[in-house]
Amino acid sequence: MINPHTMRAMLLDALHTPLRLAELPIPAPGPGQVLLKVRACGVCHTDLHIADGELAEPKLPLVLGHQIVGIVAEFGPGASRFRTGERVGVPWLGSADGTCPACQRGQENLCDHPVFTGYHVDGGFAEYTVADERFCFPLPETYSDIEAAPLLCAGLIGYRTYRMAGENVETLGIYGFGAAAHLISQIARYEGKRIYAFTRPGDQAAQEFALRHGANWAGDSNVQPPESLDAALIFAPVGALVVEALKATRKGGVVVCGGIHMSDIPSFPYSLLWEERIIRSVANLTQRDGEEFFALAPRVPVKAEVQTFPLENAEQALGRLRSGELTGAAVIDFQSASD
Ligand SMILES: [Zn+2]
Ligand SMILES: [Zn+2]
């Protein structure tokens with residue numbers, strides 16, 4: 001008999017071990033939190049970096065997943081922002097203290113005491129999860145659960161990365177053409193940019209994928225594009241791409257690193273940075289990024305190319321991501337499971 005107080009979850013017991021299907025108690029929402037019945041959860045490169053021990057201090061054991069689409073099922077004390085049955089999205093930034101200097105400046109993405117979903121607290125590779133209601137986003141109705149999930153990290157943090165390229169960008173390079181890139185290139189194209197997509201040398205499938213999703217040109221990451229770039233976005237976790245991107249970027253241009261983890265950047269001659277080129281990173285997201293992005297995405301409209309997996313195959317989804325076999329976004333679909 002099925003216990004009404006437990007749920008199925010894919011659990012990371014320890015770093016470098018495969019996720020395991022487990023039966024866990026359904027969490028109780030704390031003050032200001034909502035309990036969500038999870039409908040879909042995106043699978044992100046960051047989930048891989050966590051499982052592979054590349055990020056400092058995940059809670060263990062841990063339920064991964066920070067691109068959660070869920071239905072509000074219960075309320076913790078004081079939670080009143082949403083109604084029962086409302087659909088919301090939960091992103092990577094699950095909470096911020098609101099009091100540190102960064103939060104006071106409106107940069108909650110740089111909070112000194114952040115709570116990251118599926119990292120410090122359990123995330124969405126489970127039938128239920130709890131979330132701080134202030135950091136949830138209402139989702140545009142035009143998106144299905146599965147389509148909305150990848151927007152919550154690949155879309156949102158990709159969008160912040162894109163915005164950091166600044167104004168006056170006509171030619172935009174994108175290094176690493178996966179989930180984030182294929183969403184952001186649709187916005188960039190909508191805003192009239194010319195897009196140059198760079199993939200692992202020889203990766204024909206990824207280059208064709210890029211051309212299908214708005215890129216004007218696609219080529220190997222060690223090749224110079226036919227015109228110099230006003231800005232380059234790097235989504236692949238490969239430090240050497242910073243150097244390649246600098247070579248391709250014009251005077252005064254900017255190279256934006258969009259990932260949470262990257263291998264070391266090799267040393268390079270100062271002449272590549274000279275002439276006011278800029279290298280910068282992007283960390284996490286703000287509430288404002290989310291509001292802007294979810295207002296803009298349906299207008300473009302941004303459409304994710306999605307591959308779905310049932311919950312018990314979450315480890316397979318991570319494996320496909322690790323090997324680079326996956327094009328587009330991987331999403332765990334809970335609706336195929338028994339209700
Ligand atoms: Zn992510
Ligand atoms: Zn803070």
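What percentage of the 339 residues of the chain count as buried? I looked this up and got 48%; a residue is buried if 20 or more other C-beta atoms, placed from the backbone, lie within 10 Å of its own.

Notes on the source. I am working with a predicted model, in which local features need pLDDT of at least 70 and side-chain atom pairs count only at pLDDT 80 or more, while totals for chains, interfaces and linings use all residues. Residues are numbered from 1 along each chain as its sequence is written, and chains are lettered from A and ligands numbered from 1 in the order in which they are written.

Secondary structure and overall form. I find 9 helices and 17 strands in the chain, taken as DSSP runs (helices H or I, at least four residues; strands E, at least two) numbered from the N terminus. The chain is as compact as a globular protein of 339 residues, because its radius of gyration of 20 Å is close to the 20 Å of the globule rule (taken over C-alpha atoms; the rule is 2.2 Å times the number of residues to the power 0.38). I note a C-alpha box of roughly 65 × 40 × 35 Å along the principal axes.

Domains. I have domain 1 as 6-154 + 285-333 and domain 2 as 165-281, with bounds from an automatic or database domain assignment. Their contact takes 16 residues from domain 1 and 14 residues from domain 2 (contact: C-beta atoms, placed from the backbone, within 7 Å). On the side of domain 1 that touches domain 2, helix H1 (residues 45-51) gives the largest share, 3 residues.

Methods
Two residues are in contact if their C-beta atoms, placed from the backbone, lie within 7 Å. A residue is buried if 20 or more other C-beta atoms lie within 10 Å of its own, exposed if 12 or fewer, and partly exposed in between; C-beta atoms are placed from the backbone.
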